[in-house]
Amino acid sequence: MRYQPDRLDLTLLALIALAGATMALTGVTRGLLFADGAVLAIAAIKGRRILLDYLDLRSAPPLWRGLATAWLMLIVGFAWAVSAVSVLLS
């Protein structure tokens with residue numbers, strides 16, 4: 001009998017790969033606005049995967065998915081704005 005990975009297994013592998021990409025990106029580039037944006041974009045992707053699969057919002061009504069995603073994007077957008085202001089002021 002073959003093992004068939006379920007959605008949580010695939011999400012875990014994706015999260016591990018994205019965490020590795022984040023560590024590689026932050027190790028190579030420091031203080032660049034583009035790099036900060038890329039790291040935050042990866043964080044948004046990881047957050048969305050966690051919301052959909054681990055918090056089981058994939059089967060929730062679209063309103064809940066939209067509200068949770070909007071909240072995540074608000075947090076990521078605020079973090080990027082703070083990063084952009086700090087880079088522009090230095």
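Me: Which helices each supply at least two residues of the nonpolar patch?

Reply: This is a predicted model, in which local features need pLDDT of at least 70 and side-chain atom pairs count only at pLDDT 80 or more, while totals for chains, interfaces and linings use all residues. Residues are numbered from 1 along each chain as its sequence is written, and side-chain values use heavy atoms, with hydrogens and water left out. Helices are DSSP runs (H or I, at least four residues), numbered from the N terminus. Here α1 (7-28) and α2 (33-54) each supply at least two residues of the patch, and α1 gives the most, with five.

Me: Which residues form the nonpolar patch on the surface?

Reply: A patch joins nonpolar side chains (Val, Leu, Ile, Met, Phe, Trp, Tyr) within 5 Å, from residues with over 30% relative accessible area and no salt bridge; a salt bridge is a side-chain nitrogen of Lys or Arg within 4 Å of a carboxyl oxygen of Asp or Glu. Areas come from the Shrake-Rupley method with a 1.4 Å probe, and for residues only the protein chains shown count as cover. In this case the members are L8, L10, L12, L13, I16, I50, Y54 and L55, with about 740 Å² of accessible area together.

Me: Is L15 buried or exposed?

Reply: Buried means under 20% relative accessible area, exposed over 50%, and partly exposed in between (1.4 Å probe, protein chains only). L15, in helix α1, counts as buried because its relative accessibility is 13%. L13, also placed in α1, is exposed at 54%. Contact means heavy atoms within 4.5 Å; not counting residues up to four places away in sequence, L15 touches K46, R49, I50 and Y54.

Me: With which side chain does the side chain of D53 make a polar contact of 3.0 Å?

Reply: A polar contact is a pair of N or O atoms within 3.5 Å; within protein, one must be able to donate a hydrogen and the other to accept it, and residues adjacent in sequence count only if both atoms are side-chain atoms. The partner at 3.0 Å is R58, and a polar contact of 2.4 Å joins the side chains of D53 and T11. D53 lies in helix α2 and is buried, at 8% relative accessibility.

Me: What is the phi of D56?

Reply: Most residues other than glycine have a negative phi. D56 is not a glycine, yet its phi is positive, about 60°. D56 lies in the loop between α2 and α3 (62-89).

Notes:
Patches are made of residues with over 30% relative accessible area and no salt bridge: like charges are joined within 9 Å, nonpolar side chains (Val, Leu, Ile, Met, Phe, Trp, Tyr) within 5 Å.
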